[in-house]
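Take a look at the protein below. Keep the sequence at hand as you read.

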Amino acid sequence: MPGATSVRLRHLCLQPAPYISAIRAAVLIQRWYRQYVARTEMRRRYTWHIFQSNTSFFTLLPLSFHSFITSSATSWTISHRPAQNVRNLISHIFRENDVCWDSEWERYFCYKNIEVPEVYSGPHLTFPLTVEQAVGLLEAFRNKKQQLHSRYVLELLLETWKLLRMLPNINRISTCHSKEVTICGDLHGQLEDLLLIFYKNGTPSLEKPYVFNGDFVDRGKDSIEILLILFSFMLVYPCDVYLNRGNHEDHIINLRYGFTKEVLTKYKIHGKRILKLLQKIFSWLPLATIIDQKVLVLHGGISDTTDLSVLTKVNRHNVRNFYVSLNLDLSTAFTFTLCSVAGPVCFSAAASEEEGPHLFLVIKSLFVCLQILDLLWSDPMNQDGCMPNEVRGGGCYWGPDVTEDFLNRHNMQLIIRSHECKQEGYEFCHNRKVLTLFSASNYYDVGSNRGAYVKLGPDLVPYMVQYQASSMTRELTARQSVGRTERSALKVLREQLFAHKSDLLCAFKKFDTKNTGLVSLIDWASAVESVMHLNLPWRMLRCQLVTCKTSDGMIDYYDWFNELAIKGPNTDSLLETLYRHRSTLETIFRIVDTDNSGFISMEDFRQTWKLLSVYLKMEITDEDISNLAETIDSNHDGSIDIDEFMEAFRLTDKKSRLERGRSMFMGTTSDLTKLESDPNV
């Protein structure tokens, strides 16, 4: 019996020549298309990987810095004692967050002496709030009308605070009345996503309850508007709108990721007051929500020690960013890690036999803090076990065995968490017993990811709804969308490469034994991977990252770094230090700027750098700091504008005008097409 292949070949040979030509053309087209799809998928994957690695690279900084300043406040050694100004700076951070009596907070919430001018055309609120007013507030923000007046903001916060104080640590809701519950993940200040969710799914009501799973603020430009909308609907429907706390509902994190700056910009007179009250409100947000006793909704995750019975009893509003100092006369010293909601905090204590009960309370508090830290910061992993989350600097990684054990102990079937951006807006893991949900679409750039929300009915089977909020995404072709996101990712990658310039030079010189300044493509790729550890297709990326190569294909790595220009003074080591730790430096600046004016004095600038040098464990000379300060203070007024300072050291790539234009470009499809067809770009 002849084989099937030989039969088909014989049949093909009997066909007319035009038919054979058509078949060959179809095969060529199919082969080309498959290669095109494969290349596009490769670009999509490494683009996503670059964005994810960049998030990990910069997420660790605020947490490790918080740990540093907290431990510094209690454990400076005599041999390395900072200047008095630096100690005052550190103590100021915590004075800003001191716990006040409730009566003092009542006074802080007082709004009656704030008048609303007649020219104010924004929403007017009266309390108790009505559905019409909540919807009106939503429409006002949708239409970009005037922002809500600070008097109404304070009054709304007061009512929200009163309600939150009555809520338990873990909310419990049922699907038997509403038939369906909608759960939303991270929004991160992206109002467009919230508006789209309400458009597609409807606004909260008695028949349509919602659970919002934390991280309402930071990164996006409309964080305060999102909070005001959610607080309004929660006041109208207190039994149908539930808000869980996320890791970004935190003072130190807000300083770094933009929410503090947003509020102070939008509310210049009462902004600081609003921020402090919001921090109090954040501390009262519930930690989790349980649906039908079977589904646990929390922001981060769990660990092998997570115990819901413990979490239901903790005073959640007292577990916040703080440091504790115990002055005990001890013969034996104990060192713990006291964990706050923003990360690990070094804590030193000592104990003797007389202090045993006191030490027991300290250990108990430590255990409680760890429980909350895990809830807010943890991430799932594929392998079994539980280990510290070194990437984030707080929480843990937990495996499928930990999930199985937790669900069995609490008689549950599913964990819904957020905390991680997913390309499709959601992702199942641990045998579909853990669902990660992320509702901020276009998180890294337009087209980078979808957003999603999930609906749960009485059968508790998740029904996923995906979307992308930006209208520009719908205008772009698939090629333009992938290309735009890729260019944005490559810009991020160049920033990471520059931040590791010194390490890369050392790696190149190991291959360049004759010190010619040249390396082969293979050696270049090996050296970059040995430093960056990103597992990227470096040889494939060479065309996008490197333009300086010799006629024989060698790469001039000195010229490669010269392609990256820094707008600032020519102090290379200091510039690289600044760029690698710019997020930490900006956080310090926001803290030092006690009056929130956006300016700091020259002396505060010097103390900021001295504090950073202690944190980095490196020497930064007074002369370098003075030269830097004089260069930045271009108008010689004796103060430094924080925003201008950060902009002055922005990394610019001489070869990437298109990328720079598109990183903030929100034009039309025709505009993008013109840019792509421009031979000069």
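The paragraphs below cover confidence, strands, salt bridges and a surface patch.

This is a predicted model, in which local features need pLDDT of at least 70, side-chain atom pairs count only at pLDDT 80 or more, and totals for chains, interfaces and linings use all residues. Residues are numbered from 1 along each chain as its sequence is written, and side-chain values use heavy atoms, without hydrogens and water.

Start with confidence. pLDDT is the predictor's confidence in each residue, from 0 to 100. Its mean for the protein is 76, and 67% of the residues reach 70 or more. Over residues 89-99, pLDDT stays under 50. It is also below 50 over residues 321-353. Where pLDDT is low, the predicted coordinates should not be read in detail.

Now find strand 12, residues 414-417. Strands here are DSSP runs (E, at least two residues), and helices are runs of H or I (at least four residues), numbered from the N terminus. Two strands pair if DSSP finds at least two bridges between them. Strand 12 pairs with strand 6 (residues 295-298) in the parallel sense, over three bridges. There, Ile-415 is the bridge partner of Leu-296. Strand 12 also pairs with strand 14 (residues 434-437), again parallel and over three bridges. Here Arg-417 has Thr-436 as its bridge partner.

In a regular strand the side chains alternate between the two faces of the sheet. In strand 12, Leu-414 and Ile-416 point one way, while Ile-415 and Arg-417 point the other way. All four are buried. Buried means under 20% relative accessible area, exposed means over 50%, and partly exposed lies in between (1.4 Å probe, protein chains only).

Next come the charges. A salt bridge is a side-chain nitrogen of Lys or Arg within 4 Å of a carboxyl oxygen of Asp or Glu. The structure holds 14 of them. Which residue does Asp-222 form a salt bridge with, the closest N and O atoms being 3.8 Å apart? One partner is Lys-144. Asp-222 lies in the loop between strand 3 and helix 8, and Lys-144 in the loop between helix 5 and helix 6, so the pair ties together parts that are 78 residues apart in sequence. Asp-222 is buried, at 11% relative accessibility, whereas Lys-144 is exposed, at 57%. Asp-222 also meets Lys-266 in a salt bridge (3.8 Å, N to O). Both pairs belong to a network that includes Lys-221, Glu-225 and Glu-262.

Finish at helix 2, residues 17-75, where Val-27 lies. Val-27 is partly exposed, with a relative accessible area of 37%.

Definitions and conventions
Contact = heavy atoms within 4.5 Å.
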